[in-house]
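Have a look at the structure first, then read on.

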Amino acid sequence: MGAHSRTIDEVLEQLHVDKGGLTAAEARRRLETEGPNRLPDAKPDSLIKRIAKQFNDILIYVLLAGVVVTALLQHWIDSGVILGVVVINAVIGFIQEGKAEAALEGIRKMLSLDAQVRRDGHWVTIDAKELVPGDVVRLRSGDRVPADLRLIATTNLQIEESALTGESLPAEKSPDPVDEEAGVGDRTSMAFSSSLVTSGRGVGVVTGTGVNTEIGRINTMISEVQTLATPLTKAMNRFGAQLSITIGMFAVAMFAIGLIVHGNPPGDMMIAAISFAVAAIPEGLPAIMTITLAIGVQRMAKRNAITRRLTSVETLGSVTVICSDKTGTLTKNEMTVRAIATADGTYTVSGTGYQPNGQVLLDDSPVALERPDLLALVEAMAVANDAEVDENEDGRWVMIGEPTEGALQTLAVKCGFDRTEYDRVDEVPFESEHKLMATLEQSPDGRSLVLVKGAPDRLLARCRTQYSSRSGASALDHAWWEERIAEMTVHGLRVLAAARLQPDQDQRSLSLDDLDGGLVFLGVVGILDPPRPEAIESIVACRRAGIAVKMITGDHPATALAIALEMNIVSSERGDDAVISGVELEAATDDELQVIAQQYSVFARTSPEHKLRLVKALQATGEVAAMTGDGVNDAPTLKRADVGVAMGIKGTEATKEAAEIVLADDNFASIEQAVHEGRTIYDNLRKAILFILPTSVAEALVIMVAVVVGFDLPLTPTQILWVNMVTAVTLALALGFERAEPGIMDRPPRDSGASILGGYFLWRIAFVSVLTAGATIAVFHVVKGNTADLDIERTVAVNTLVFAEIFYLFNARFLTAASYFPSRLFGNPVAWIAVGVLLVLQVGFVYLPFMQSLFETAALSLRHWVIPIIIGLAIFAVVEVEKAVVRSWQRRHPRPRRACTG
């Protein structure tokens, strides 16, 4: 049995201590045995290992091969450029490395620095690291709990545990044992290390220190969780490996054909094979990939999503399920009165949060405080209240005090009620034993009033009458009020009741005994942390995009289900069948959990282990999972998820460090926008690949045909490098600035296991490559028939390649949509800037003497420029016809939509 379910005497006996605490000598002995109360330091990788890891990537290998090839050709400028790309990638990776270690450091910073402990019969303050099991510790409001404690005595003790449990309200604590199966959020007899005492005081005995605390278990989980490679990384690794093998095979075959079939010298064939390899390797691809992702990072930052790892930007685009915390992400984390019930009727309240925009409605019509029943209830709720809501200098309404009381004050402001003229004479403060607060007030009209608010069952037990504006005080209808309370509870509302008492005019003190029997019941209010309206719209958008949304929270099942129903995460037809609790998850095997994870959309009363198991179960069934969270209890799951999304405002440092993406506004709507951006980025990456590869393949085909057939090479290795680099850093770069394709959020998520180059992409690359290579070879031979200057022939061939790429750029800007509409041709100004820059570079390539010497080019006449332009226009037209055929086929064979659970 855990300490939470044992009696105090049993726990003390097990720890061999009494309520007087330990002696200093015994504490020293236990410290030597148990070790200090701190979390272990993470063991970081060595500097050399961290640097070496940045080069362990197939794309980097391809780049390094390009460096070697260009160096062998003594093309030092290109070697330097490619090597610079490698270094930039390594630096970016090196900076992002150590995320897990930073997350663990974030947890360590949450721990208490000191503790008030009873040693040798005296209360002393010691370093929290010196605490040992069996120490008796004192807690007061504002303290951070220094270790896991089994509470011995409490007085109105409330502890904020949202970082561990996800609960939106402070937990009320009591020494009474709880059920053995109770989750962390229900262990009211425990105080957990790193949580914050918000009110009251207590005394507890230390049951766990260091790694044996609840937060220590989370720390261990983070260090043990393995991060997964992103879909893009997997796809590019496969692509790089396949490309490397293919290039090697063709280079060897070409070398053999030239040597055996044509009897060419081995040296010439080696140069030809190197030329082929240089042509086939897309040197600019990794750089363009990094730049495109970096552009995406900037775009996402404008949408309040701060990205900590470049590849995570793209991963969002392939997400199939979003596992979201409730409090502060789907909801505002600002308690709000949603319903009011008096003896005269049931009211609804519009508006959300502490900003007092909204009205009280009766039968959908606004009502005001001229209704005596409403005035009496609002008066009691607002005056017997210590919270304040006010507008700050930035125009934001902020609350000071306890969230539930803040919701009641906001209701009062919405109704136009002013409590400032009331004078408090005495009060009975809220205590967990009696669960109510009462104040003796002098009202603005000089009357004495006792106003009470608290738990409905406690107030009903103290009342004999109820107030109605129609009949005044009448007999209390206990059953009717129980029905109203049940209606609110079933909708996930937290219910508070109000009552009042007319005391003697000269009464100047108030005690709990004064409240027995004479109270008049005024009514009840239902309070909820309301959904964000924009989050509701975003969930609809996610479902339309084939993305399932699942709520994983530490809150009670009824509260979680109520929010899920309101946000359309689950349908009303499913009802209670849509939610499952942590206790049931605990009992499920891993195989059963995979079924449960798909079947349910709401998971309540979950622990960190439950969240981690759920994400693993979803990943095991092929889902690409994003996980949101703000508490340290979410950190292990954020690290394991394909994309971890932390809250930037209310999230802990440990959570932010464990995540790939941090939301600057803590809003679920920003996740949906980030998914939209992620899909756009992935499209742009594919467009860049779809643009770059035909250039490389076309060049390789030109070299291969020349070797196989046996004519002069139309392109030299240095000319090939020139075309690859200038088209990549100008034209391909422009694709990173493309806006989203029409209907990008109306299509299902892509298959994360699919190749980055599907069947259609391979066809398009082959189709455009053959067109471009055929045109280049044809132009080379046409010019060859009219001139005997090989440099001119090759220069025209290079221009043909370049202009083919310029016109094909506008094809590639839209994967299948038509590109010839003026709004689309001119929709990306960066594309036209890139074309202008490339034309300037190409003119220099042709006419500058030092470029002619470096690349073996020659000055061209006007007619030599006309041919490449005509070729480019022809390729643009042919590709647009091909896209029209594909669109027609897609309309006849629509892709099935992905079903979303819930």
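## Charged pairs

Let's start with a network: salt bridges link Asp-386, Arg-424, Glu-427 and Glu-441. A salt bridge here is a side-chain nitrogen of Lys or Arg within 4 Å of a carboxyl oxygen of Asp or Glu. By that rule, the count is 31 salt bridges. One of them joins the side chains of Arg-338 and Glu-566, at 2.7 Å from N to O. Arg-338 sits in strand S10 (residues 336-342) and Glu-566 in helix H19 (residues 557-566), so this pair ties together parts that are 228 residues apart in sequence. Helices (H or I, at least four residues) and strands (E, at least two) are DSSP runs, numbered from the N terminus.

How covered are these side chains? Buried means under 20% relative accessible area, exposed means over 50%, and partly exposed is in between (1.4 Å probe, protein chains only). Glu-566 has 32% relative accessibility, so it's partly exposed. Glu-483 and Arg-484 form another salt bridge, with their closest N and O atoms 3.5 Å apart. Glu-483 is partly exposed at 45%, whereas Arg-484 is buried at 10%. Then there's Glu-793 with Lys-784, where the closest N and O atoms are 3.8 Å apart. In that pair Glu-793 is buried, at 2% relative accessibility, while Lys-784 is partly exposed at 33%.

## What kind of model this is

This is a predicted model: local features need pLDDT of at least 70, side-chain atom pairs count only at pLDDT 80 or more, and totals for chains, interfaces and linings use all residues. Residues are numbered from 1 along each chain as its sequence is written, and side-chain values use heavy atoms, with hydrogens and water left out.

pLDDT is the predictor's confidence in each residue, from 0 to 100. The protein's mean pLDDT is 83, with 87% of its residues reaching 70 or more. Over residues 96-104, though, the pLDDT is below 50, and this stretch has 24 contacts in the model beyond near neighbours in sequence. Contact means heavy atoms within 4.5 Å. Where pLDDT is low, the predicted coordinates should not be read in detail.

## Strand S4 and its partners

Strand S4 covers residues 148-160 and is mostly covered, with 10 of its 13 residues buried. Two strands count as paired if DSSP finds at least two bridges between them. S4 pairs with strand S7 (residues 196-208) in the antiparallel sense, over 10 bridges. Within that pairing, Leu-151 stands opposite Gly-204 of S7.

S4 also runs antiparallel to strand S6 (residues 190-191), joined by two bridges; there, Arg-150 has Met-190 as its bridge partner. Two bridges likewise join S4 to strand S5 (residues 171-172), again antiparallel. On that side, Gln-158 is partnered by Glu-172.

## The nonpolar cores

A nonpolar core is a set of buried Ala, Val, Leu, Ile, Met, Phe, Trp, Tyr and Cys residues joined through side-chain atoms within 4.5 Å. The largest has 75 residues, and the ones touching the most other members are Phe-276, Phe-691, Trp-722, Leu-731 and Leu-809. Helix H28 (residues 790-812) gives the most to this core, with 14 residues.

Which residues does Leu-809 touch, not counting those up to four places away in sequence? They are Phe-691, Leu-731, Leu-735, Ala-831 and Val-835. Apart from this core lies another, of 70 residues, including Ala-341, Val-549, Ile-563 and Leu-685.

## Aromatic pairs

Rings of Phe, Tyr and Trp (its six-membered ring) pair if their centres lie within 6.5 Å; planes under 30 degrees apart are stacked, over 60 edge-to-face, and the rest tilted. That gives 14 aromatic pairs. Trp-481 and Phe-521 have ring centres 4.9 Å apart and planes at 65 degrees, so they're edge-to-face. This pair links distant parts of the chain, 40 residues apart: Trp-481 is in helix H17 (residues 478-490) and Phe-521 in strand S22 (residues 519-528). Both residues are buried, and together with Trp-480 they form one aromatic cluster.

Phe-810 and Trp-832 also have ring centres 4.9 Å apart, but with planes at 45 degrees, so this pair is tilted. Phe-810 lies in helix H28 and Trp-832 in helix H30 (residues 829-847), so the pair ties together parts that are 22 residues apart in sequence. Phe-810 is buried at 7%, whereas Trp-832 is partly exposed at 38%.
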